[in-house]
Amino acid sequence: MSDKAKDWVFDDPRLKKLKQDYAAYTEEDFTVWRILFERQMPNLPKAASQAYLEGVDAVKFTADRIANFEELNEVLAKTTGWQVEVVPGLIDDDLFFGLMNNKRFPSSTWLRKMEQLDYLEEPDMFHDAFAHMPLLVNQHYVDFLENLSGIALKHIENPWAIQLLSRIYWFTIEFGLIRENGELRVYGAGILSSAGETKFSLSDEPTHFPYNVRHIMSTEYWKDRFQDKYWVIESYEQLFESLPEIEKVLEEMVAEKEARD
């Protein structure tokens with residue numbers, strides 16, 4: 001898709017015009033947010049990337065207030081220019097990448113129930129907001145998201161290409177680690193929203209690899225258990241600067257599959 005048509009996603013009838021109805025949150029919703037926040041936040045000063053911790057301060061997330069997207073968008077507008085786009089839940093790949101290619105981060109507004117505190121099949125607002133949004137104030141991080149999405153849109157008709165790119169997204173944005181001051185730290189949202197995987201990912205149990213595009217694209221991931229492999233970036237600049245290699249390796253692996261088939 002050309003840059004000229006980059007904003008096509010906002011005219012797509014599948015994308016409903018939704019807003020966060022903050023007044024509709026129940027007492028249980030606030031309790032769930034507080035429990036999850038207080039369960040995880042004390043672990044993060046020694047486990048999370050410095051950029052994430054700075055982001056939490058910037059967006060002013062606290063235990064006693066569910067994230068308010070209107071306030072959050074004001075912060076993002078002044079930092080990286082991104083915004084949060086409310087979606088009902090999981091959306092089609094082209095809408096997902098189309099939004100992020102336009103500096104819009106898709107997020108649900110519903111929170112899990114008390115009986116779902118420990119496991120949830122579909123990401124809820126706590127995952128989307130608490131784990132992802134603090135890093136939206138980091139310029140290299142959002143530039144990576146925007147441009148990775150642009151690559152995905154070029155290949156949106158090819159399921160194999162999207163699967164390869166989903167592995168990059170999974171092992172970076174969702175389950176990525178970063179080395180800061182010689183120590184492993186977490187920046188992946190799937191880890192940041194899980195107290196158990198935060199501890200596990202930084203332990204000696206899983207295997208840690210230096211960031212390698214082809215290696216990641218050649219590795220399948222799990223959705224129903226902790227990962228046993230994690231890739232470590234040295235900086236968010238490294239992540240952003242790997243985009244040309246991602247596109248090159250993607251095209252090579254797509255061509256390799258076509259030759260086999």
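Which residues lie nearest the centre of the largest pocket? They are Glu 121, Pro 123, His 127, Trp 170 and Glu 174, among a lining of 45 residues. The model is predicted: local features need pLDDT of at least 70, side-chain atom pairs count only at pLDDT 80 or more, and totals for chains, interfaces and linings use all residues. Residues are numbered from 1 along each chain as its sequence is written, and side-chain values use heavy atoms, without hydrogens and water.

A pocket is an open set of points on a 1 Å grid over the protein atoms alone, where a 1.4 Å probe fits, with protein on both sides within 12 Å along at least five of seven lines; lining residues have an atom within 4 Å of a point. The largest pocket holds about 1,400 Å³ of space, taken as the space filled by probe spheres set on the points, which are joined across faces, edges and corners. Helix α7 (159-174) gives the most to its lining, with five residues. At least two residues each come from α1, α4 (93-100), β2 (104-107), α5, α7 and α9. Helices (H or I, at least four residues) and strands (E, at least two) are DSSP runs, numbered from the N terminus.

Helix α1 (residues 27-40) buries Asp 29, Val 32, Trp 33, Leu 36, Phe 37 and Gln 40. Buried means under 20% relative accessible area (1.4 Å probe, protein chains only). These residues fall within an arc of 125° seen down the axis, so they line one face of α1. The arc is that of the directions from the helix axis to the C-beta atoms.

Ser 203 sits in the loop between α9 (195-201) and β5 (207-210). Ser 203 is buried, at 19% relative accessible area.

Key: Buried means under 20% relative accessible area, exposed over 50%, partly exposed in between (1.4 Å probe, protein chains only). The expected span of a helix is 1.5 Å times one less than its number of residues.
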